[in-house]
Every structure is written in structure tokens, then in C-alpha cells.
Amino acid sequence: KTMKSRHLTGYAVDIADKNIMWNDKHPELKQYAETIQAVTEDLGLISGAIWKSFGPYGDFAHVEMPPNLRKP
């Protein structure tokens, strides 16, 4: 549980495939994580996949708006 999550302020979402979810053993996880990261970055958003402290695919389902797009 976090008190500082971008989810709480409406600037982040998790996009998880219902078949993969957060199953780090799923054979399609690597491709899913890479796809979410590529689409996220193409849209100018921040992908949680860059946060490797979460594991080899980072927080792959996490997508958030960068500070320059957030309302003050």
C-alpha cells in the first residue's frame, strides 16, 4: 500500500492482460511488457517497465502521465 502513488491522484493506470496479469512465469509476459512499454513511450507517457527494481520487466503494467502533462 502506498500513500504517494500516481494512481491516487489520477495520473497513472495499470494495464494488465487478463490472461497474464502479474504472473512473472507466463510465457508471453516478456512480449507483453515490451509492447506496453513501446506503446506507452510512443504516446509520450512514462512506462513502469523502466523501473527494474520491480524485476526484469519492471512494473510493466504501470503507465503514467509525465509531469509536463499534469494539471497543477
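Beyond its neighbours within four places in sequence, isoleucine 36 is in contact with Ile15, Phe60 and Val63, where contact means heavy atoms within 4.5 Å. The model is a predicted one, in which local features need pLDDT of at least 70, side-chain atom pairs count only at pLDDT 80 or more, and totals for chains, interfaces and linings use all residues. Residues are numbered from 1 along each chain as its sequence is written, and side-chain values use heavy atoms, with hydrogens and water left out.

The largest nonpolar core has eight residues: Ile20, Leu29, Tyr32, Ala33, Ile36, Phe60, Ala61 and Val63. Such a core is a set of buried Ala, Val, Leu, Ile, Met, Phe, Trp, Tyr and Cys residues joined through side-chain atoms within 4.5 Å. Helix H2 (residues 29-42) gives the most to this core, four residues. Helices (H or I, at least four residues) and strands (E, at least two) are DSSP runs, numbered from the N terminus.

Three strands form an open, antiparallel sheet in the order E1-E3-E2. Strand E1 (12-14) and strand E2 (46-47) are its edges, each pairing on one side only. Two strands pair if DSSP finds at least two bridges between them; E1 and strand E3 (residues 62-64) are joined by three. Alanine 12 stands opposite glutamate 64 in E3.

Threonine 2 lies in the segment before helix H1 (6-9). Threonine 2 counts as partly exposed because its relative accessibility is 43%; buried means under 20% relative accessible area, exposed over 50%, and partly exposed in between (1.4 Å probe, protein chains only).
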